[in-house]
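Please keep the sequence and the structure open while you go through them.

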Amino acid sequence: MLKSAGLLVFVLGAGILIQPHVVPLSAADGPSQSAHSATLKPATARTPDIPYREYEFQVEQDLLQLANQVRQRAGAPVLALDSGLTAAARAHAQTMLEANQLSHQFSGEASLVQRLAVTTRLQLDQAAENVALDYSAQGGHEHLMLSPPHRANLLNPAYNVVGLGVVRSGDRLFIVEDFGHALPSYSANEVKVHVASAVNQLRHESGRPPLPRHNLAIADNAACSMARADKLGASAVRELAGRYTVLTYTTLNPEVLPAQASHAIRSPNLHYFSVGSCYARTQTYPTGVHWIVLSLQ
C-alpha cells in the first residue's frame with residue numbers, strides 16, 4: 001500500500017497471468033521416448049493416397065470429433081475450434097517436424113502463451129498443450145487418452161476452445177492440441193458497468209447506500225498509463241491519488257472486485273466514484289488484461 005497526499009492508495013494485483021501447462025510428452029512409437037523431447041526415427045516411404053494438406057485438415061477434424069465425443073461422455077462441454085489457436089498449433093507441429101523431435105518448446109521458440117498471444121485475439125486465462133506422434137487421428141487420440149496428463153487436458157471441463165495442428169511426414173503425423181479457456185470480450189464501457197455494479201453490490205451487502213458513478217477522463221488515461229508501463233501505480237495514478245482514494249488492479253473478470261478493495265469501498269464517508277479502464281496486451285499479460293483505476297471520493 002502507498003500513501004499519497006494523505007489518501008490511501010491500494011496497488012493490487014488481482015489479475016491472473018496464464019501459465020502454460022507443460023506436461024510429459026506422448027508418442028505413438030513407444031514408451032522409451034524422453035519425457036521432455038524425443039528424437040524420431042526416419043519417416044517411411046508409405047503415404048496415404050490423399051493430397052498432404054487435405055489429409056492433414058481431415059485428421060484435425062477427426063481429432064476434434066474424437067475429443068468432443070469423450071468430453072461429452074465425461075460431462076465436459078464441447079470444445080470450439082479456434083482459428084488462431086489452430087494457427088499456433090500448426091506452426092508448432094511444423095517446428096517439431098523440422099526438428100524431427102517432440103517438444104513443447106524448442107530453443108529459441110516462444111513459450112505456449114506467447115505463441116497463442118500472437119495468433120489469437122481471444123482473452124485466455126488458462127492454456128495447455130498436448131503433442132504426439134502417430135499414424136492416424138484415432139491412434140493419436142487413443143495414445144493421448146492413455147497418458148494421464150494428456151487425458152486430463154482433453155477432459156478438463158474448464159477448457160472451451162482448442163486449436164489443432166497436424167503436419168504429415170511420410171506416414172507419420174506430428175500432432176499438436178492447444179487448449180484454452182476463453183473469457184467474454186468486453187468493451188471499455190462494459191468493463192466500467194461491471195465494476196460499478198460490483199461496487200454498489202458490495203455497498204448494498206454492507207448496508208451502505210449506493211454511490212453515483214462519475215466519468216473522469218483522467219481515470220482512463222491513468223489506466224492506460226499503467227498498461228503502457230506494464231505495472232500498477234504509474235505516475236498518472238499518483239497524480240490522481242492527490243485528489244481521490246485510488247485502487248488499481250488488473251483483472252480478466254471485471255464483475256469481481258479484489259478482496260483487498262472491500263474495506264475502502266464500504267467506507268461511510270464516500271460520495272461518488274469513477275472507473276478508469278484500459279485493455280492491453282503486455283509482456284506480463286501477453287494474452288491481454290483489463291487495467292482498472294477505481295477512484296473513490
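1. The accessible surface of the protein comes to about 13,600 Å², of which 53% belongs to carbon and sulfur atoms; such areas come from the Shrake-Rupley method with a 1.4 Å probe, and for residues only the protein chains shown count as cover. This is a predicted model, in which local features need pLDDT of at least 70 and side-chain atom pairs count only at pLDDT 80 or more, while totals for chains, interfaces and linings use all residues. Residues are numbered from 1 along each chain as its sequence is written, and side-chain values use heavy atoms, with hydrogens and water left out.

2. The protein has nine helices and twelve strands, where helices (H or I, at least four residues) and strands (E, at least two) are DSSP runs numbered from the N terminus. Of its 297 residues, 51% count as buried, a word that here stands for under 20% relative accessible area, with exposed meaning over 50% and partly exposed in between (1.4 Å probe, protein chains only). Among contacts (heavy atoms within 4.5 Å) between residues at least 6 apart in sequence, 74% join residues at least 24 apart.

3. Which residues touch the most other members of the largest nonpolar core? They are V59 and L63, in a core of 22 residues; a nonpolar core is a set of buried Ala, Val, Leu, Ile, Met, Phe, Trp, Tyr and Cys residues joined through side-chain atoms within 4.5 Å. The elements that give two or more residues to this core are α1 (52-74), β7 (123-134), α4 (137-146), α5 (148-155), β8 (161-169) and β9 (172-183), and the largest share, seven residues, comes from α1. Another core, of 21 residues, lies apart from this one and has M226, A241, A280 and W291 among its members.

4. Leaving aside neighbours within four places in sequence, L63 is in contact with A137, H141, L164, V166, I175 and E177. Of these, I175 and E177 belong to one side of β9, together with L173, F179, H181 and L183, while R172, F174, V176, D178, G180 and A182 lie on the other, and the residues on both sides are all buried.

5. β9 runs antiparallel to β7, to which it is joined by eleven bridges, and A127 stands opposite G180 in β9; two strands pair if DSSP finds at least two bridges between them. Nine bridges join β9 to β8, again antiparallel, with V167 opposite F174. The hairpin of β8 and β9 has two residues between the strands, and G170 in its turn has a positive phi of about 65°.

6. Helix α6 (residues 188-205) reaches 26 Å from its first C-alpha to its last, close to the 26 Å expected for its 18 residues, the expected span being 1.5 Å times one less than the number of residues. V191, K192, V195, A196, A198, V199, L202 and R203 are buried in α6. Seen down the helix axis, the buried residues of α6 fall within an arc of 160° and so line one face, the arc being that of the directions from the axis to the C-beta atoms. On the other side, N189, H204 and E205 are exposed.

7. Most residues other than glycine have a negative phi. N100, in the loop between α2 (83-99) and β6 (101-102), has a positive phi of about 55° although it is not a glycine.
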